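Biologist: Hi! Could you walk me through this structure, step by step?

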Amino acid sequence: MLRAEFPDAAERSPGELLAAYESLLSATIDAAGVDTVAEQTGLDRDVIEALADGEGADVTLADAAAVLATDPDRPDAGAIEAEARDILLMGMTTAVMDVESLASGIDSELDAKEIQQKIEGRHPVTLAEYARLHQYIESQKL
C-alpha cells in the first residue's frame, strides 16, 4: 500500500500482491500485539486475529490503514489511506488510463463508476480489490 514497500507490484499477480499486503499487516499486528491493535483501531478482535493469520482479502483499505498506523514509525491511518489511493490515481495518470479502460482490464464485476468511487474514497475498497487495481495499473504504466 505504501510506495516504497511494493515497487514490484506490476510483476506480481493480484493474489501475490494481496498476500504481500496481508504479510505486512500480520507483521504489524505481531509487533504491536492484538490487544494494542484492537484498542488503537476499534476493530473487532476477530478481524484483527484473521489479519494476523494472513486473511485480509475482505478487510477495507481504511481498516488496513488503521492497523498499519499502530506502528509508531508510520504516519496516521488517514495519511496511509490517502497515499494508497494516491498510488492508484498517480498510476492511472502515468499509464494514461481512465476508469473505463481500468474496468475493462481488470476482469471484475465492478463497473467504471464503482471503481472511480472506490479509488476516490467515496465507497470502501477491500484489500483484494485494491490489489487487483494496484497490480493492473502498475502493469500498464508507460
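**A chat about the fold**

Modeller: Read along the sequence, the protein chain follows the pattern α-α-α-α-α-α-α-α. A quick note before we go on: this is a predicted model, so local features need pLDDT of at least 70 and side-chain atom pairs count only at pLDDT 80 or more, while totals for chains, interfaces and linings use all residues. Residues are numbered from 1 along each chain as its sequence is written, and side-chain values use heavy atoms, with hydrogens and water left out.

Biologist: Got it. How many helices and strands does the protein chain have?
Modeller: There are eight helices and zero strands. Helices (H or I, at least four residues) and strands (E, at least two) are DSSP runs, numbered from the N terminus.

Biologist: And what box do the C-alpha atoms fill?
Modeller: Along the principal axes, the box is roughly 45 × 25 × 25 Å. The radius of gyration is 15 Å, which agrees with the value near 14 Å that a compact globule of 142 residues would have. That radius is taken over C-alpha atoms, and the globule rule is 2.2 Å times the number of residues to the power 0.38.

Biologist: What share of the residues is buried?
Modeller: Buried residues make up 43% of the 142 in the protein chain. Buried means under 20% relative accessible area, exposed means over 50%, and partly exposed is in between (1.4 Å probe, protein chains only).

Biologist: Which helix is mostly covered?
Modeller: Helix 4 is, with six of its eight residues buried. Those are Leu61, Ala64, Ala65, Ala66, Val67 and Leu68.

Biologist: What covers the buried residues of helix 4?
Modeller: The cover includes helix 1, helix 2 (34-41), helix 3 (45-52), helix 5 and helix 8.

Biologist: What about contacts along the chain: what percentage join residues at least 24 apart?
Modeller: Among contacts between residues at least 6 apart in sequence, the figure is 67%. Contact means heavy atoms within 4.5 Å. For a C-alpha example, take Asp86 and Ile119, which are 33 residues apart in sequence and 8.5 Å apart in space. Asp86 is found in helix 5 and counts as partly exposed, at 30% relative accessibility.

Biologist: Okay, new topic: charges. How many salt bridges are there?
Modeller: A search of the whole structure finds nine. A salt bridge is a side-chain nitrogen of Lys or Arg within 4 Å of a carboxyl oxygen of Asp or Glu. Side chains of opposite charge can pair when their charged atoms come close.

Biologist: Show me one! Which residue does Glu5 form a salt bridge with?
Modeller: Its partner is Arg74, and the closest N and O atoms are 2.6 Å apart. This pair links distant parts of the chain, 69 residues apart: Glu5 sits in the segment before helix 1 (14-32), and Arg74 in the loop between helix 4 (61-68) and helix 5 (77-94). Glu5 is partly exposed, with a relative accessible area of 28%, whereas Arg74 is buried at 17%. Glu5 and Arg74 are also linked with Asp71 in a network of salt bridges.

Biologist: And what does Lys118 pair with?
Modeller: Lys118 forms a salt bridge with Glu129, with 3.1 Å between the closest N and O atoms. Here Glu129 is in helix 8 (residues 127-139) and Lys118 in helix 7 (residues 112-120), eleven residues apart.

Biologist: Are those two, Glu129 and Lys118, buried or exposed?
Modeller: Both Glu129 and Lys118 are buried.

Biologist: Is Arg12 buried or partly exposed?
Modeller: Arg12 counts as partly exposed, at 23% relative accessibility. Arg12 forms a salt bridge with Asp8, the closest N and O atoms being 3.0 Å apart. Asp8 is partly exposed too, at 25%.

Biologist: Where is Gln117, and what is it in contact with?
Modeller: Gln117 is in helix 7 and is buried, with a relative accessible area of 14%. Leaving aside neighbours within four places in sequence, Gln117 is in contact with Arg122 and His123.

Biologist: Last one: what is the phi of Val96?
Modeller: Phi of Val96 is near 50 degrees, a positive value in a residue other than glycine. Most residues other than glycine have a negative phi. Val96 is found in the loop between helix 5 and helix 6 (99-105), and at 65% relative accessibility Val96 counts as exposed.
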